[in-house]
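Subject: Structure handover

Hello,

Here is the structure we talked about passing on. My notes on what was found in it follow below.

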Amino acid sequence: MVHAFLIHTLRATKAEEGFCRVLYSCFFGAENSPNDPQPRSAERDRLLRKEQILAVARQVESMYQLQQQACGRHAVDLQPQSSDDPVALHEAPCGAFRLAPGDPFQEPRTVVWLGVLSIGFALVLDTEENLLLVENTLRLLARLLLDHLRLLVPGANLLLRADCIEGILTRFLPHGQLLFLNDQFVQGLEKEFSAAWSH
Amino acid sequence: MLLLLAFQHGMGSRLEVGAEELGRFCARISALLEAEDWGPDTLDALRRLFLIVAATKYSRRLDPACVAQLQTALCSPRCPERLQLLCAAVLREMAPSDSLSLSCDHAQSARQLGLVASVLLAQGDPQQVRTMGQRVMKVLESRQPEGPSLTHLLPVMSKVASLAPDALPEEQTKALSKRLGDWLRYASVQQGAAHASGGFFSAPRARQPGPVTEVDGTVATDFFTVLSTGQRFTEDQRLNVQAFSMLRAWLLQGGPAYPSATDADDRSELEGSTVSVLSAASTTSHLLPPAEWLREKALEYCQRLLEQSGRRALRKADSDLQKACLVEAVLVLDLLCRQDPAFLYRVLPCLRALRTRLCGDPACARALLPVARFFLRHGEAAAVDADAVYQHLFTRIPSEHFHSPMLAFEFVQFCRDPLLLLGSNLDLLKTSFPNLFKFLAWSSPALTSEFVALLPVLVDAGTAVEMLHLLLDLPSLTAALDLQLRSSQAASERPLWDVSVRAPGCLEALRDPQAQGLFQQLLRAKASGTTERLTPLHQLLQPLASCARVVQCAQAVPTLLRAFFAAVTQFADGALASRLALLLLERSDALFQVEGYEADVHRVLSSQFPALCKLHPQLVVEQAKELLEFVGSLGGPSGTGYMLTSVVWAIGEYLSVSWDRRCTAEQISRFFEALEALLFEVTQSRPSAALPKCPLQVITVLMTTLTKLASRSQDLIPRVSLLLSKMRTLAQSPAVGPVHSEDDLGAVRTRATELLNLLKMPSVAQFVLTPSVEVSQPRYHRDSNTALPLALDMVSRLLEREASLLPG
């Protein structure tokens, strides 16, 4: 089961200025199982969720930085992308790590992440998932979001285009359901989405 | 970089929305929504509202009127999809919140119900989730022909089934199971019809859609699955995709309850019984109850997928999907066999064939893991096959795929599977640790915590020594793997090694046969039992020591060492403790030179050495010769002095008759002389570039240890008294001023004085410095009257006072 999807900023090295910020996050279902009898304040729950997501984002950023460092790739090496070049998503750094129970979620979770230039995408899952499918889905979502939101064009502000992100998620990860979509199927769904969003 | 700047600019201008301004904004939105203005203004306003609510972790109070309007718009039949999505998103971002009053009764279409469901699921109220689940179920079962509505609701169903399995009534669950089975097996095999595009000049032509195709372009040979493609898809084909996507979760959680599904003991009975074989073989009967119907169809679907995944896909994305489908099919088959063991007979042949296919294909390494897990669970029926899979898995895969982060992660998760700990597989796992460490050496940040959990399983009395050597050599293993990639990767491939570090001459140096032999030894796949020293390799690999990956590995090693020792001290006997202690001494100056590595390792080892001695105190006497050599050969401690301090302390602690009857006065004498010489050397020699300043702990521990030894062999007392007086004088002399700080010198003086005072009363000294075994009892230390420093202090004060408080 997918518990959350998030998009966040990625700094290439720790030395870079700024903080790790969550740009968009979506929870699919509450963390406590509905059978949880403890009364909790709604506001505190929301605050907790936001902080959990930020913790995940920070850890992804840290893993990304370590992986880039280990490959010997520095910020200078990253080619500036023009909006026309297809981003080589198959070569984008990706990885997975496990979150121990209590840190920060109650149950143990797995996080699969993908880093594309200065943006990170991550899925928070249960520990027994089909990671090949998760990886495919994450790359697909990243490709769709980069293409349709034109994230790499300077001035594009994804924060104000939440409807676009929602539209993509509704079709390709509905309620957190990972889908087995072959290429033609994806194209069909994408055409539908473009048509619905063009007017 | 640009995006980040744009983001920060964007954030700045939007976050400073005060409460009053927010109130005005909400009022504007309420007005727009109430007026049913679905134009670009509303879109823009809702986008901004989403940003305001989502951007902060603290809840923002929205006007109740505004919230009500959002909820109404969500369920309005006229509101366009885009705006409804935004309304749902805003409400979801607010959740959990007390101000939401959404209910699934308001939704008027399946799509709206889906949106409402996303908000209610985020809200997390168990009662609401239940009600919503029941409502969705009702909608699902009421529709006869499949309309687009069902595709919106199936994912909701799956989510509710995972979160609250008991929320759904059994009758309806069964009915849905039956339909899922139908969707899986009986979807149309014709492509979807194209809508007539109706251009200005073209007459609308009724185009006959052709049959669906396989991923390799040929016409479909059997029923429709997720690996069937076409230009357009029909509704039932979409349901087929969704049904398979949710199949495993449905079978696992909210799915059909087989009477003996959870009863593992019945498994062996059922496997032998002929009755269940017969019933499972009857695939034609539609009289199967829904649970079995779904399982039957799931089995056929997975078998078809296994066949389809062997085809050569025309598109890369489809080839990736094939692998994912392969994994999923095996996982579902595993689940089916667990729930109904009778399936095993039908499933084993395809899995055997699959195993053969996968072992020969390096691109499918990740898909091998679920196959291995399958054999692990259902091993009794397929014992021979299992061994072949594991052999391939543990000996070939890590050597060839250590550099793939996802495979590494999955492989290590597989190793932590509790089923692996049973039976003969455990031995194979344990002896394959050199191969497993390759994953660790390459991706240490991601895998260190996993290996800390895995080490207690891997550590074994037979391989502990070899494993410790390899752990200490882990950074050199990283460098060796990097070098291996440099030499073996084709020039056209994207380099996996560290491109920022050049290694001139390394590859050349590797041509030397002896170096090659050591290199292969380091990169071995299994525990070899021999521990050949790899120190010559360290020099060869030195240029690579500055690789970031090597440095990261070096930083992870101390944590791993601690985990190793925590595990090994649980079961180590005297002989093993002895060998490990010697290993520490030997390796402490034979480490790969990575920045900061030696100091970090010394810090850990110096705390482990006393722990080993505590486990087996006799090792000090047993290894007296080696210890003497260690102390004597240093000629002045290099670097941090951690190891020396710890060894000298251990000598002082355990070289006595109370710990080992074999300890002789002669031995004590020999050690005394060696330590005395060492003390002279460290205090007399001037620090230079080659010989750094001697750490204070070394001096004080030497003094204390010498005193301890003297207290046991009392004819040494005059010598040590002389030595201590000299130390005290030295610490006062101005000559040593610039080398040590005043505090340090003060400490030396104080300690020398305390020890001298103690030695004036030899029997007290013996009691204090050679305590009996009870010293290991906690009470001894909790009782503050018996703690050593206090005793020393008290004795000193007693002696210095002229008052007649001295007893007798």
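**A buried alanine in chain B**

B:Ala324 has 0% relative accessibility and therefore counts as buried, the cut-off being under 20%. Please keep in mind that this is a predicted model.

B:Ala324 sits in helix H14 of chain B, which runs over residues 316-339. Once neighbours within four places in sequence are set aside, the residues in contact with B:Ala324 are A:Asn130, A:Leu132, A:Leu133, A:Asn136 and A:Phe180. As a distance reference, B:Gln231 is 93 residues away from B:Ala324 in sequence, and the C-alpha to C-alpha separation of the two is 22 Å.

**A buried asparagine in chain A**

A:Asn182 is in the loop that lies between H3 and H4 of chain A. With a relative accessible area of 1%, A:Asn182 is buried as well. Not counting residues up to four places away in sequence, A:Asn182 touches B:Val226, B:Leu227, B:Ser228, B:Thr229, B:Phe233, B:Asp318 and B:Leu321.

**The interface between chains A and B**

Contacts between the two chains involve 83 residues of chain A and 91 residues of chain B. The area buried between them comes to about 7,700 Å², with carbon and sulfur atoms giving 58% of it.

The polar side of the interface can be counted too. There are 30 residue pairs in polar contact across chain A and chain B, both residues being at pLDDT 80 or more. The side of chain A that touches chain B takes two or more residues from each of several elements, including strand S1 (2-9), helix H1 (42-71), helix H2 (131-149) and helix H4 (183-198) of chain A. H1(A) gives the largest share of that side, 14 residues. By class, the side of chain A that touches chain B is made up of 38 nonpolar, 24 polar and 21 charged residues.

Salt bridges between chain A and chain B number 10. In one salt bridge, the side chain of A:Lys50 meets that of B:Glu93 at 2.9 Å, N to O.

**Chain A overall**

Chain A has four helices and five strands, and their order along the sequence is β-β-α-β-β-β-α-α-α. Of the 199 residues in chain A, 60% are buried. Taking contacts in chain A between residues at least 6 apart in sequence, 61% join residues at least 24 apart.

Regards

How values were computed: Residues numbered from 1 in each chain as written. Chains lettered and ligands numbered in written order. Predicted model: local features only at pLDDT ≥ 70, side-chain atom pairs only at ≥ 80, totals over all residues. Heavy atoms only, no water. Buried < 20%, exposed > 50% of the residue type's maximum accessible area, 1.4 Å probe, protein only. Contact = heavy atoms within 4.5 Å. Buried area = accessible area lost by both parts, 1.4 Å probe. Salt bridge = Lys/Arg side-chain N within 4 Å of Asp/Glu carboxyl O. Polar contact = N/O pair within 3.5 Å; in protein donor to acceptor, adjacent residues only side chain to side chain. Nonpolar A, V, L, I, M, F, W, Y, C, P; charged D, E, K, R; others polar.
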